[in-house]
Amino acid sequence: MTEQPERNAHSSEEATRSDQEHQPVTVEALTRRRLAESPLSESVRLLLEEALGAGEVRGVSTIGRVYLESVAVTRFRGVGPRAWLKLSPRPGVNLVVGRNGSGKSSIAEGIETAFTGVNMRWQGQHATRSSNWRNLHDTGGRPEIEVKLAIEGDAGRSTLTRTWEGDGFGDSQAELRRPGHGRASLDQLDWQQDLRDFRPFLSYVDLDRMISGKPSEMYDAIATILGLGQLSTADSRLRAEAKALEDAEKVVKAELPGLKNALYELEDDDRAIQALVAIDTVGAPDFQALDALVTGLPGGADANLIAGLRAEADVQAPDVAQVRIAVGRLRKALAGIEDLHGTGAEEALQRAELLERAVAHHDRHPDDASCSVCGTAGVLDAAWAADATVQIAALRQEAEAAAGARSELRSATRAVQDLVHTPLRIPASLTVPWRAWTACRSIGDPDELARRALDVVLPLADACAAVKERAVRELEKRDERWRSLVLRLAGWTEKARAVEANKSQLRDIRKASTWIKALTAELRGRRMEGFAEQSQRIWERLRQESNIDLKAVSLKGSEKATVRKLVMDVSVDGQDASALSVMSQGEQHSLALSLFLPRAATADSPFGFVVIDDPVQSMDPAKVNGLAQVLHELGEHRQVVVFTHDTRLQRAFTSQDLPVTVFEVERAKASKVKVKPVTDPVRQALDDARALASTGDLPTAARTHVLPSLCRIALENAFLEAAWIRHHRSGAPEHALQEAVGEADKLLKVAALALFGDAGRTGDVYGELRALCGPRAVALIKQCQNGAHAGGAQIIDPHRFVDDIETMTQKVRTPGAAA
């Protein structure tokens, strides 16, 4: 399985028209392009733009792609004292093997728990299962899980730590310490939805649940990764707006029969007859006539009094609830400004720009450590540049936080001021409190506005309610029959007027909703094709010798439908059948893997790793070979960590000559769990070289060719690891490094990638190696290269040669060495 843009679940035919060959067209860009090309009216387009702008955009996480560097588990499940699994934070397959009960599943569960705080395999099981989550032997302290993370674009490593304060499994807290960003609760990050949509954890129990869950749950698990959340949210908003207008229309229609009956009862009153005629006017009610009836008053000495009472009865007080919310937001914004008071955002920005220019000067003149301003020698060295880069990130974040806080304060201030309105007619009894409320709109000081708004609006609201109540009672007394009906007629008239005015809006909303539904259905079909193709390719690898063909994977229904399900069409020897009714347990688990892996490895997932626990159960040997091939292809673009007790999977990798890093988990008494690497490629090559160097009467060919070749393999793998670390920190796309590694056919090119991130800088490799590894480094790497030539390498002391190469690999692999 590969994660190429044109093949993943977020790809479609439109991607070929993108200006960036390797980047699929986003749903937002495609939607706006389609909207610009559509024949829709301008009013419908504006509605769509507004709805799409308010939609939830599924884009790249604010944190770069995440890889696992190490996992440390303490006093959790089957692990007592601290057990540590160290991984290489880059794509590749890692097998963690060990017998049942060795503690490997406890480490796998620890990774999942660190990120999610829950363990999916315990859900739905007896409480005794989850109650024994603490280690039984090591009870001298609190359980803890610590995961070291490599995040693309970051200069250093991040640490995710989950600890427990209480005795319950749910009484845990998780904290992420990230270079340049300080400490933050895991709940504050953008991973919660991603962990649900692109869940990178899979256990044997999860495999069973994936194909035995409710049809709607299986549908939702796949639908979420198709990238159509923005369209779905926009459609929901349009439907909500349409429903509000339709409900208003229903209210007007429902009130009309009762109103007309009441008017018929006053048929001796000309005003009632006029109202009936105005209501039944062809096309739309005669609102001008209705307004005259509602606002017209009989002549007499009390005409002015009646007009005043009517104005008081119609008064609309400010919405106190909205004011409370807006004032609360303003106070929160003021608190945010206060927290940042004195941080000097502008100064932080100027300092960041100054440091960036200084670092750029240093990069252009790496051999000149003198200050270009004061001339002081030796101050602008590599250590200064690294420290300056960290300061730049912190200063940029400080300036950005302050700017965001000021923007929120301005927005919150406007939100309060926008709630201040002045009615066309203010009853005389409400002039003073309303003038005080209106004055709030001109208050420029946010702090004063926050203090005064509620102090003014609450008395105004109470006064409006009291005035309105008194006016209504007085009007009913003066003309009990007609006056009471006039109020009812006035209310209906305003509602009917709004319905009539919104008819064109409702038509436009319905057109906009129809357009979005059609586009969503089209894109869902196209993007589902990409997902289905991946699932079918994986199934073809896993089906080995099975007579069941996976013909199609599709979604039936829609996200909002009550009946929705994932449809898997299969055939047995050409005969159509239901997948789950004809497949064995092993085949069902293979099918679940075919669905899980494309979902976990979609390009939108921020997780560069996939953790799979015990995927081999119920698989026959042929399918295990296919599983190794699938994991190998996934490992080209993801860091794959597989926990298994089944030795067949490791043999499947070895027998098919597929690269894999193997760790062995051993458990001693009292839950003492130890993890040791089995096939670290650098260590393996060095061990082989050391064993060869220790051979008595070492043949000449072995000394001149085989020994330097083994050391070259060790160096090359160390450079590759350093190249991946550098690449992660740069935040560049993965395919760029993959292509560069594929084209790096010489050892010096691989070294240049590790040291500079540029395979073309081979001429600078020797100088950098001397600075990093000492003066013998160049001679050592040349001897490794000579081993591939006819004359070979002239190695006087094989043991010292291997020791020196090992020292070089350690310095190259040290985090920050090639930064």
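At what angle do helix H28 and helix H29 pack, and how far apart are their axes? The views below come from a predicted model, in which local features need pLDDT of at least 70, side-chain atom pairs count only at pLDDT 80 or more, and totals for chains, interfaces and linings use all residues. Residues are numbered from 1 along each chain as its sequence is written, and side-chain values use heavy atoms, with hydrogens and water left out.

**View A. Packing of helix H28 (residues 777–786) with helix H29 (residues 798–813).** The angle is about 110° and the axes are 11 Å apart. H28 is therefore roughly perpendicular to H29 (65 to 115 degrees). Ala-777, Leu-780, Gln-783 and Cys-784 of H28 meet Phe-801, Asp-804, Ile-805 and Met-808 of H29 (contact: heavy atoms within 4.5 Å).

**View B. Asp-804 in helix H29.** Asp-804 has 18% relative accessibility, so it counts as buried (under 20% relative accessible area, 1.4 Å probe, protein chains only). Leaving aside residues up to four places away in sequence, Asp-804 touches Arg-776 and Leu-780.

**View C. The aromatic pair of Phe-115 and Phe-201.** The ring centres are 5.9 Å apart and the planes stand at 50°, so the pair is tilted (centres within 6.5 Å; planes under 30 degrees apart are stacked, over 60 edge-to-face, the rest tilted). Phe-115 lies in helix H3 (residues 104–116) and Phe-201 in strand S8 (residues 201–203), so the pair ties together parts 86 residues apart in sequence. Phe-115 and Phe-201 are buried.

**View D. The edge-to-face pair of Trp-133 and Phe-169.** Their centres are 5.6 Å apart, with 70° between the planes. Trp-133 and Phe-169 are buried. Phe-76, Trp-133, Trp-164 and Phe-169 form one aromatic cluster.

Technical notes
Axes are lines fitted to C-alpha atoms, for helices over the stretch in contact, and angles run from 0 to 180 degrees between N-to-C directions. Helices (H or I, at least four residues) and strands (E, at least two) are DSSP runs, numbered from the N terminus. Angles under 35 degrees count as roughly parallel, over 145 as roughly antiparallel, 65 to 115 as roughly perpendicular and the rest as oblique. Buried means under 20% relative accessible area, exposed over 50%, partly exposed in between (1.4 Å probe, protein chains only). Rings of Phe, Tyr and Trp (its six-membered ring) pair if their centres lie within 6.5 Å; planes under 30 degrees apart count as stacked, over 60 as edge-to-face and the rest as tilted.
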